[in-house]
Amino acid sequence: MSASGLETLGGRLLHASAIVGVYVGEFYFALKFLRRLTNALNRGEKAVDQTVRLSGSVQRLLDGWVRAVLEKRRMPVAARVPSLTVFVDASLEGWGGVLVDVATNAIEVLGSRWSRKEKGLHINELEALAFELCVSAVPDKYAGGTVTVVVDNTTVQGVARKGACLRSQTLNDAVVNGLTRLRHMNISLSVRWVKSAGNPADLPSRVPLSAISDKNMADMALAVRQFLTGDMGLVV
């Protein structure tokens, strides 16, 4: 198998394991092998199309990992709840959002430009408005499920967790409006933080959606995978 093929397999196994409940620690040495491979690819020490020879032990571990995921997948799942990850960002130009279905990895990109009046607001208030707009875009099919909102602004993260902000009514109202909608949908919410450089919603907050290329989409999908799985998808 090629180096890039093995890297992709590792990321998919980790993601599938998280969904169906496979303990990846059982395949520790396979994980170490895949992580070293990813590091070698990142450093340019291996070509993506280079054939990688697996030792018998690593091959057996990978085969066992695949079987474990498939066996878990065949087991009946009682009322699997819909789950969505929402990346949110704002710039002085506009807002952006990336919605990721946890079960299917389907990605939807949102965004628009600010009005002249909105451009006069503080960046924290713009981030809060982006939070409200992205949360308002959560489809009805996720009612009763779970939503993880990922932001790179610690102020919005704190307000979303506390449920109020006394320093700015604009910031308070925007976040509370978003929280209220999720509560009415009976959605369980968690709010996480990501570095700005790793936020896939950064681009649609800065450029029109019509200007986003296929390569941009691939880069955003990679940023999503890196955040959800960590270290190119190969960290336990």
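1. Of the 236 residues in the protein chain, 43% count as buried. Please keep in mind throughout that this is a predicted model. Along the principal axes, the C-alpha atoms fill a box of roughly 65 × 45 × 30 Å.

2. On secondary structure, the protein chain has 8 helices and 5 strands. Read from the N terminus, the order is α-α-α-β-β-β-α-β-α-α-β-α-α. As for contacts in the chain with a separation of 6 or more, 74% of them come from residues 24 or more positions apart.

3. Helix α4 spans residues 123-136, and α5 covers residues 154-162. The two pack at an angle of about 55 degrees, and their axes are 9 Å apart. At that angle, α4 and α5 are therefore oblique to each other. Their crossing is right-handed.

4. Who meets whom here? From α4 come Asn-124, Glu-127, Ala-128 and Phe-131, and they meet Thr-155, Val-156 and Ala-160 in α5. By type, the residues of this contact of α4 with α5 divide into 4 nonpolar, 2 polar and 1 charged.

5. Helix α5 also packs against α6 (residues 169-184), again with an angle of about 55 degrees but with the axes 10 Å apart. That makes α5 oblique to α6. The crossing of α5 with α6 is right-handed.

6. In this second pairing, Thr-155, Val-156, Val-159 and Ala-160 of α5 meet Leu-171, Val-175 and Leu-179 of α6. The contact of α5 with α6 comprises 6 nonpolar residues, 1 polar and no charged.

7. The largest nonpolar core has 32 residues, and the ones touching the most other members are Val-86, Phe-131, Val-138, Val-149 and Val-175. Elements giving two or more residues to this core are β1 (83-90), β2 (94-101), α4, β4 (146-151), α5 and α6. The biggest contribution is that of α4, with 7 residues.

How values were computed. Residues numbered from 1 in each chain as written. Predicted model: local features only at pLDDT ≥ 70, side-chain atom pairs only at ≥ 80, totals over all residues. Heavy atoms only, no water. Axes fitted to C-alpha atoms, helices over the stretch in contact; angles between N-to-C directions. Helix = DSSP H or I, 4+ residues; strand = E, 2+ residues; numbered from the N terminus. Parallel < 35°, antiparallel > 145°, perpendicular 65-115°, else oblique. Left-handed = near helix turned anticlockwise from the far one by under 90°. Contact = heavy atoms within 4.5 Å. Nonpolar A, V, L, I, M, F, W, Y, C, P; charged D, E, K, R; others polar. Core = buried A, V, L, I, M, F, W, Y, C linked by side-chain atoms within 4.5 Å. Buried < 20%, exposed > 50% of the residue type's maximum accessible area, 1.4 Å probe, protein only.
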